[in-house]
Every structure is written in C-alpha cells, then in structure tokens.
Amino acid sequence: MRYSNSEKIYEKAVKIIPGGVNSPVRAFKSVDKTYPIFVNRGKGSKIYDEDGNEYIDYICSWGPLILGHNNERVLKGVREAIELGSSFGLPTKMEVELAELVCKCYPSMDMIRFTTSGTEATMAAVRVARAFTNRNKILKFEGCYHGHSDSLLVSSGSGLLTDGYQDSNGITEGVLKDTLVAPFGNIQKVKEILETKEVACLIMEPVPANMGLINSSKEFLQAMRDICDETGTLLIFDEVISGFRVALGGAQEYYGITPDITTLGKIIGGGYPVGAFGGKKEIMDMIAPVGRVYHAGTLSGNPVAVRAGFEMVSHLLENRETLYKELEEKVIYMTDSIEKIAKKYDVPIKINKLGSLFTIFFSDLDEITDLEHVINSNTTHYSIYFNTLLDNGVVAPPSKYEAHFVSVAHTKEDLDRTLEVIDMAFKKIGET
Ligand code: PMP
C-alpha cells in the first residue's frame, strides 16, 4: 500500500497528539483523507515520505522554503552555528547581523525584535500598538490569519476556515469584544470603525493568503494608510507570508505603502523558528527593557535559527535582481498552463497569483475577491485535485483556503511533471 507506513505512524500519533498533528493545517481532513503523509526528508523541490514516496512539494513548509528544502548555503550556515552551541540565553552577534540585514530590506523598520514564531510577532505587535496609542480595541479583516494568540483568533483564516469555523473557543468575552472585524476590501466599513478613535491598530495581511490568495491593490492599501493617519490608528502589515516573498521588501515594497509596524516570520528563519516585529524607533522604544511593554523569549533570536535566516536573506538580497523575476515567471507559466487544461476539460476555475504564490479556486465566478467567494468555491473538486496530485507524486496544499508556494528549486521539469498530473486531475473533475 502506497501510504502504509504513514498510516501506521498516524495510528500511533492520533492516540497521543490531538488529531495526530502539531498544527491543524497538516491534517488532510478537508481533502477527504483520514491521515496525512508523514515526511521523512526533503531536498530541493522534493519531499520524501516514510513510505519512500517522492513528491514535488508546493507547501514548502507553508512559505519559509523559498530556496527549496535543505538549501546548501543555509545548511552550511546551520552546521557552523550548531558547532558553536545551541542557545545561550545571552545575546549573540548573528542576531545583530540579521537585524541589520532585515531592516535594510524594510526601511519602515528602524528597529526590530526577534521572536520564535509569527504568532509571537503579531501578538507582541498588537500589544505595543495598544500601549503606544493607549487604546484597547484592534481591527482585523475577515478570513485573515495572524497566528493563534487570543486577540487574533477572531474571524480567522487558515486551519480554522479549513475546519469550517472562524472563531476559536476558549477566548474570554472581554478579549473577543476588543477585536473588531471588517470584510477585506471594504473601505467604508474600516472608516466607520476607525473614526470612533477607539482602535489601537489595524492589523492586516497586505496580501491575504490564508483564505486562499486574495488580490490586493495599492489603492486599497493607500486608503488603509490614510484612514489610519486620520484617526491616529497604527497600521500593522503582517508580512509573515508576503515578506521576502512578493518582493525582497515584501508587500510594502511591492505596493509602495509604508506601515507603522511590520511582522515577519517564515523566510527570515530559513526554515527554522524565527519571527520578528519592527517599526519606527518611537514605537519600538516602548519595549522592555527600554520601555514597559514586555516581550521576551528563552529561544528568541536563537543562534542556529538566526544563522539560517541570515544565509537565506543574504542569498535573496544578493540575487534579488533575477530571483523574484524568475519565481514570478514560473508561476505565470504554471497558471497559464493550468488555465488551458481547465478549458480543455471544461472545469470552471479562477486562479489568483502574486509573485511565487498562487491559489486555484474551483469556481465559475469571474473574480475571487472575498471570503464568501472562497467559501462557495467547490470543495469536492479541490479534494479530487489534491488527491490525484498526491497519488501521483505532487503535494498541493491540503485545503482550498491556502496558497501554493513555488521555490527557486522548482525546475522546468518539476513544473511540467506537475502539469501532467494536473491534467489527470482536471480530466477526473471534468468527468464528475
Ligand atoms: N501571520 C500570517 C500572515 C501567517 O500566515 C501565519 C502562519 N501561517 C502567522 C502569522 C503565524 O505564524 P506562525 O505559524 O509562525 O506562528
């Protein structure tokens, strides 16, 4: 049986780990599978499961692996760092070097603080925004995901949407009432809410990628910037996914809009646990030990993780002229070809894409611009798509609410093989 070792591991896992996974997006529930594949190793564009099956990977650890699995430069840096020790609870030079490098790529950040995850970065960013403005409420968009801190698990995207709900249980009413929500793209609603002048910050994915990829625009982001300025609200761009991916300087560089605070994760850790938040000096000076907004972490700025991030970001910076263009060309090649295949089998789809990200929505709408559209897209077709790919050696995201991630390591041969398999999947969908 193709997946028998994964199945055996899952049988043990599910008895001891809720759902058998340490993050719900790893379960294959919404694509009609009882258990996920358990991964043994990865190299370049490929991963290998515990049954020895090889897959072309479009999850790429949900974003960090823009250079592919086990990139040689990152691996060499990590090996060197490991030899020096694992963690000291004291500062190291590499934290400062990564800080300088990241701030150079993000001129909106005078200062930066490292965390161990994107969740911690957004949680701390919201806390500092509350302290800076002396306001309690925050505003977020429906279907955007900002990690799993209490304040941000409201009308959330990613794994919650996949599992069919949007608000987590276990959050106090007090916290819930302080998180306000607007539909993405609705300028009027944002205006109404922020004009109360009770809101500390608008936290947003400048390019939403946790309800599938949703297109953003300079005009919309500029409107958010203007309303925040008019109402004394801080604008937080959560660039945990878009940072170093849609451009070296993230969506803020791509669209030319400057936030007050930026949160980062994924790519800045090179596949190891690193997150970060940063912004103007006067805001960052509120953080302990300079100010009294507490943020800490035993493993924050972990020496091995920041070295991995340093190597990855250095590579991106050194190759920025060609690298982002090449990634975008790969996605255009893929998505143009997928559209042709869909036409051939009369399968209604709409693809949203930006840089090295894309999502295929099985929908006959002309445009997918909000959460409702995504919820109404065809889940059964997505499931057939996912499963046909998996059975033929390609891993797509196991949810219609996520994006495909393309890496530098994906070759033309990988893309063509993927298209062959997508052809099989769409043929099946066309026959249903
Ligand atoms: N913000 C965004 C936009 C994310 O996509 C994610 C995770 N996918 C997070 C925050 C949380 O990051 P982490 O999973 O590292 O806690």
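This is a predicted model: local features need pLDDT of at least 70, side-chain atom pairs count only at pLDDT 80 or more; totals for chains, interfaces and linings use all residues.
1. H2 passes H11 in a right-handed crossing.

2. Sorted by class, the contact holds ten nonpolar, two polar and three charged residues.

3. H11 also packs with helix H3 (residues 93–105). Here the angle is about 35°, and the axes are 9 Å apart. H3 passes H11 in a left-handed crossing. On the H3 side the contact uses Met94, Glu95, Glu97, Leu98, Leu101, Val102 and Cys105. On the H11 side it uses Pro303, Val306, Arg307, Gly309, Phe310, Val313, Ser314 and Leu317. By class, the residues of this contact divide into ten nonpolar, two polar and three charged.

4. Next, helices H12 (residues 320–344) and H15 (residues 412–431). They pack at an angle of about 25°, with axes 10 Å apart. Angles under 35° count as roughly parallel, so H12 and H15 are roughly parallel to each other. Their crossing is right-handed. H12 contributes Lys330, Tyr333, Met334, Ser337, Ile338, Ile341 and Ala342 to the contact. H15 contributes Leu415, Leu419, Ile422, Asp423 and Phe426. In class terms, that makes nine nonpolar, one polar and two charged residues.

5. Now the ligand. There are 16 residues around it, and Ser117, Gly118, Thr119, Gly147 and Val240 come nearest. Which helix gives the largest share of the shell? Helix H4 (residues 118–133) does, with three residues. By class, the shell has four nonpolar, ten polar and two charged residues.

6. Most residues other than glycine have a negative phi, and most peptide bonds are trans. The peptide bond from Ala288 to Pro289 is cis, with omega near 10°. Pro289 sits in the loop between helix H10 (281–284) and helix H11 (303–318).

7. Asp32 lies in the loop between helix H1 (4–16) and strand S1 (39–43). Is Asp32 buried or partly exposed? Asp32 is partly exposed, because 14 other C-beta atoms lie within 10 Å.

8. Cys60 is in the loop between strand S3 (54–57) and helix H2 (72–84). Why does Cys60 count as buried? There are 25 other C-beta atoms within 10 Å of Cys60, and 20 or more make a residue buried.

9. Ala27 belongs to the loop between H1 and S1, where Asp32 is also found. Ala27 counts as buried, because it has 23 C-beta neighbours inside 10 Å. Leaving aside neighbours within four places in sequence, Ala27 is in contact with Gly19, Val21 and Pro36. Thr92 stands 65 residues from Ala27 along the chain, and their C-alpha atoms are separated by 37 Å.

10. Lys191 is in helix H7 (residues 187–194). With 16 C-beta neighbours inside 10 Å, Lys191 counts as partly exposed. How far apart in space are Lys191 and Ala223? The distance is 9.3 Å, C-alpha to C-alpha, and the two residues are 32 apart in sequence.

Conventions:
Residues are numbered from 1 along each chain as its sequence is written. Axes are lines fitted to C-alpha atoms, for helices over the stretch in contact, and angles run from 0 to 180 degrees between N-to-C directions. Helices (H or I, at least four residues) and strands (E, at least two) are DSSP runs, numbered from the N terminus. Angles under 35 degrees count as roughly parallel, over 145 as roughly antiparallel, 65 to 115 as roughly perpendicular and the rest as oblique. A crossing is left-handed if the near helix is turned anticlockwise from the far one by less than a right angle, and right-handed if clockwise. Two residues are in contact if their C-beta atoms, placed from the backbone, lie within 7 Å. Ala, Val, Leu, Ile, Met, Phe, Trp, Tyr, Cys and Pro count as nonpolar, Asp, Glu, Lys and Arg as charged, and the others, Gly among them, as polar. A residue is near a molecule or strand if its C-beta atom, placed from the backbone, lies within 6 Å of it. A residue is buried if 20 or more other C-beta atoms lie within 10 Å of its own, exposed if 12 or fewer, and partly exposed in between; C-beta atoms are placed from the backbone.
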